[in-house]
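Welcome! Please take a moment to look over the sequence and the model shown here before reading on.

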Amino acid sequence: MLDKGLPRLLGLGAWLVLLILVAAPMVQIVLMAVWPSGPAHSGLASALQTPDFWVALRGTVTLALLTMCFTLALGGLMAALTVERPLPAPWLWEALLLAPFLLPPYLTGIAWSLLLEPGGYCAQTLGSACAPFGQALYTLPGMAWIMALHLAPLAYLMLRAALLQRARTPALAARVHGAGRLRTLVWIELPSLAPAIGAAALLTFLAGSEEYGVPAVVGTYAGIKVLATAVEEAVSVWPVDLPKAAALGLILCGLALLAWLPYRALAATETDAPHRPQQSASWSALLPVALFVLLADVLPIGTIVLTSFLRAVSDGFVASNFTTAHFAGILRAGSDCWQALLNSVWLSLVTAGVAVAAGLIVAGALNGPGPSRPSRRALDLMATLPTALPGVVVAVGLILFWNAHWMPITLYGTPLILVVSYLTVTFPYALRYVQIGLAAGGGNLNAVGAVHGAGPLYRLRTVTLPLAFPALVGAASVVFALSMRELVTSVMLQPPGTEVVSTYVMNQFLQGDVGDGMAMAVVGVFSSAILLGLAQVGLGRR
């Protein structure tokens, strides 16, 4: 009887999880944006009539388009070079090209600000020659450049896979029959790469349109407004205007969905396994690849590490200016940075555990025999929707849902609201790992156990979970690392007295005490690198 009822229970549990995490908060946003105080009043219509909205919308679209163009150029160039002119020790260069993912975008923005601001490291070493670069940083193209350095590894992975999968025969046939390099590129190569280029373009446009950290760090000083910062300002600056925040969030969400839905369709396109023959190693691509590594890895990470050991940035690189006091403060019990670290650790641990449990429920419902195909598609769409939801939209939805007058319990104003927000934004990643683990832990062994009379719970405990354990550890590690670095929902939802790592780093930078903030950033970045490495190892052992 349990065999027949378990799929139904899993389906109900999956829909309940996604209703709480995704559907209900989004419904609250729509209601608040359209009917904040009844059908006669529309927050959406009011927002559209304000000049600030059009300024923020123009800034958002411009930033997203520039980010998309810069990212495709950088990622495409790195992909083409590593495929056509692979360097010796390709595993090392692969790691270096993916390393920018370790830095959240706001940390990359902070690092470049410390480098190029007046009195920063560049000005101290090169003088006024750095002034034009500093001025360019605090513009929309400068912000897009920072975003592109962070997102280039994503475009690199997608385009490199497409380059490896493309067949060489049509291009060779075209060259044999007299077509030049340019004509072959335009008529043969680019059409075969179009799905991957389109998917990378849509995904990077989506990331650029919803970014909060870089506009908050760099755009604030330049007076540049985007929708993400406008939503946060409507919630955080007195007088609080929730209808405006909901309306702007709904428009931003619509813009994100315009990119995410076509991307989802392109990403679902089946491709063959890579079959391109391995090229011989060459040093001809060393200069451009090394230049990218310098700009995306060495300078930002080096700036953060260097700042964490300096008493004051303005005092330069003299011996008396170096100190380890910033790291000592992190480990001093009772200090603000120690408490922020503890808060992030326990909140992220709870989120990781709940994410794996919820992922098992949803993955079981998706992979089991219970739901019909349309229901399964709807469930899968709802489960992956948070990848398209900007963090500011998630935060506003959770405020409205958990602070509603009809809600019997409220998590808003408690640390648990951070757990719910982290769970919402990281759940698609946890679900992916769990699905991989269940695929490895099912199959014939489960069927053999069922034939020999083992019940579903016994098979789950003795067969499925042990085989899926490495992937589940990977899921927990990824969720923990992403929760430790989550910024925008932390900024908008953290209760008084519950500071976390990301908000501590941001506040220390904005207040001018960058040493303590960068020391905390070093701890966060390297711990995230270790955890993501463990997740990759766990996934490789599936």
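## About the model

This is a predicted model, in which local features need pLDDT of at least 70, side-chain atom pairs count only at pLDDT 80 or more, and totals for chains, interfaces and linings use all residues. Residues are numbered from 1 along each chain as its sequence is written, and side-chain values use heavy atoms, with hydrogens and water left out.

## Aromatic pairs

Searching the whole structure turns up six aromatic pairs. Rings of Phe, Tyr and Trp (its six-membered ring) pair if their centres lie within 6.5 Å; planes under 30 degrees apart count as stacked, over 60 as edge-to-face and the rest as tilted. One of the pairs joins Phe 53 and Trp 54, edge-to-face, at 4.8 Å centre to centre and with 70° between the planes. Phe 53 is buried, at 3% relative accessible area, while Trp 54 is partly exposed, at 44%. Here buried means under 20% relative accessible area, exposed over 50% and partly exposed in between, using a 1.4 Å probe and protein chains only.

Phe 401 and Trp 402 also form an edge-to-face pair, with 5.0 Å centre to centre and 75° between the planes. Phe 401 is buried, with 9% relative accessibility, and Trp 402 is buried with a relative accessible area of 9%. Together with Trp 406, Phe 401 and Trp 402 make one aromatic cluster.

## Two backbone features

Most residues other than glycine have a negative phi, and most peptide bonds are trans. In this model, the peptide bond from Trp 238 to Pro 239 is cis, with omega near -5°. Pro 239 sits in the loop between helix 12 (227-236) and helix 13 (242-267). Helices are DSSP runs (H or I, at least four residues), numbered from the N terminus.

Ala 89 has a positive phi, near 55°. You will find Ala 89 in the loop between helix 3 (51-84) and helix 4 (90-98), where Ala 89 is partly exposed at 33% relative accessible area.

## Where helix 3 meets helix 13

How do these two helices lie? The axes of helix 3 and helix 13 come within 12 Å and cross at roughly 25°; axes are lines fitted to C-alpha atoms over the stretch in contact, with angles from 0 to 180 degrees between N-to-C directions. Helix 3 and helix 13 are therefore roughly parallel, a word used for angles under 35 degrees.

Helix 3 contributes Phe 53, Thr 60 and Val 61 to the contact, and helix 13 contributes Leu 248, Ile 251, Leu 252 and Leu 255. Contact means heavy atoms within 4.5 Å.

Notes: Angles under 35 degrees count as roughly parallel, over 145 as roughly antiparallel, 65 to 115 as roughly perpendicular and the rest as oblique.
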